[in-house]
Amino acid sequence: MNKPIKQHLIDPEICIRCYTCEMSCPVGAIEHNDDNVVINADSCDLCMACIPVCPTGSIDEWRVVNKPYSLESQYEWEELPEQEDLGQDEAATGLEALDDAMAALLADAHKGAGGKAKAPASAAKPTINMYNLGHPATATVQGNFKLTDDPKHDVRHIILDMGSLPFPILEGQSVGVIPPGTDTEGKPHLPRLYSVSSPRDGERPNFNNISLTVKREDNGLCSNYVCNLEKGDSVQVTGPFGATFLMPSDPDARLLMICTGTGAAPMRSFTMRRQRTIGENSGGMTIFFGARSPESLPYFGPLSKVPPALLEQHLVYSRHGEKEYVQDRILAEYEKVSELLADPKTHIYICGLRGMEEGVDRAFSTIAESGGEQWAAMRDVMREDGRYHVETY
Ligand code: NAP
């Protein structure tokens, strides 16, 4: 009988195919095909380098197996298999029986705000992975609008018409855009992921269209392609992706949204969804939104028209007046945030620059501790309840 091993796997239902894990694996153990991203049990040395870089926690899956799942079988999966019953004795050596060294590595990889995500209990069921690398959807550009006045900070609002193709999307989900052409090895480019910034019933209500919020990056292959798109152009799209960064349907849920730059995309979709449905008769929404200046803050103009009763706004600037980051304003709004953190109806969403995660986590720690609570424990409860969501890149 083979000795049971702990096999590292990826949950295909939650993975958003950003391929960050594949790019960060030092031993080349992670690969993909048109459908799934998979881990080779023969070459994975359980170094955990891929764990903290995964934006969804879909990579944090482990099964104790007598015979590892092959790459071929992982490519076939639409969902992760349950832990097999290995029998009484083997089960005792099972998931809990991580050896100390591996447990320590994993604990280290779990530090910070990352970790395995769960969808809100009342969220609608998302459709995922309808279109993939081998079978992308072809969308038509309906519009490309500049969102920022800062000439050095070009952020675009791109509207894609999905035509007659079914493309069910929920707020908080992402899509992939495949840039045309091939890489230096002659292989087609991998899709780049963008959060959708429109609500489920379309950028324009009841139209089969979606919007993206994309910043032009210096030498960015896909961002320049997308930012240069013109009305009528065809674009290859994959997705939808993401099964956890979703908004609760519960109207009483209170949304605490923290974002930087283009990380505002899902927050826009949440706000529009509530604006078009329950409006101000909801638990309320609060946003902490960081940008360099008003001129580089995406949707600055439209945001000024959103009523405070629907969305309480804290727009903070790092290069306009006194330097301020979102975490500074969270601390300054101590009473408000403390009350929100204590409310079991509160859902937290963090999206944008990876660097902000640590600062926001520290601000929450300070606020929780001054109320006699431990933030790490509160965060674990929120995450387990599907009320804590992070997507940072
Ligand atoms: P940006 O303009 O470069 O930065 C936005 C603001 O964040 C600036 O005021 C910046 O300040 C500030 N900032 C920098 N470091 C920070 C830190 N450690 N803590 C708090 N604030 C900090 O942003 P951007 O270029 O739009 O980039 C947004 C990021 O979000 C990109 O990395 C993008 O990939 C990511 N994104 C993720 C998703 C997603 O996860 N689904 C969706 C959209 C975008 P200074 O520059 O003045 O220091």
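Which residues does Gly352 touch, not counting residues up to four places away in sequence? Select Gly352 and look for Thr260, Gly263, Glu391, Thr392 and Tyr393; contact here means heavy atoms within 4.5 Å. Before going on, note that this is a predicted model, in which local features need pLDDT of at least 70 and side-chain atom pairs count only at pLDDT 80 or more, while totals for chains, interfaces and linings use all residues. Residues are numbered from 1 along each chain as its sequence is written, and side-chain values use heavy atoms, with hydrogens and water left out.

**Stop 1: Gly352**

Gly352 sits in strand E14. Strands (E, at least two residues) and helices (H or I, at least four) are DSSP runs, numbered from the N terminus. Gly352 counts as buried because its relative accessibility is 14%; buried means under 20% relative accessible area, exposed over 50%, partly exposed in between (1.4 Å probe, protein chains only).

**Stop 2: the ligand**

Select the ligand next. It is surrounded by 23 residues, the closest being Ser195, Lys215, Ser318, Tyr325 and Tyr393; a residue is near if one of its heavy atoms lies within 4 Å. For polar contacts (N or O atom pairs within 3.5 Å), start at Tyr325, where a polar side-chain atom is 2.5 Å from a ligand oxygen. A polar backbone atom of Glu391 lies 2.8 Å from an oxygen atom of the ligand. On its own the ligand has 920 Å² of accessible area, and the protein covers 82% of this (Shrake-Rupley method, 1.4 Å probe). Strand E12 (285-291), E14, H10 and E15 each give two or more residues to the shell.

**Stop 3: helix H9**

Move to H9 (334-342) and pick out its buried residues, Val337, Leu340 and Leu341. They cover an arc of only 100° around the axis, so they are on the same side of H9; the arc is that of the directions from the helix axis to the C-beta atoms. On the face turned away, find the exposed residues Glu335 and Ala342.

**Stop 4: helix H11**

Finish at residues 375-384, helix H11, where Trp375, Met378, Arg379, Met382 and Arg383 are buried. These fall within an arc of 135° and so line one face of the helix. Their cover includes H9, strand E14 (346-352), helix H10 (354-370) and strand E15 (388-392). Just after H11, select Gly386, which takes a positive phi of about 70°.

Methods:
Polar contact = N/O pair within 3.5 Å; in protein donor to acceptor, adjacent residues only side chain to side chain.
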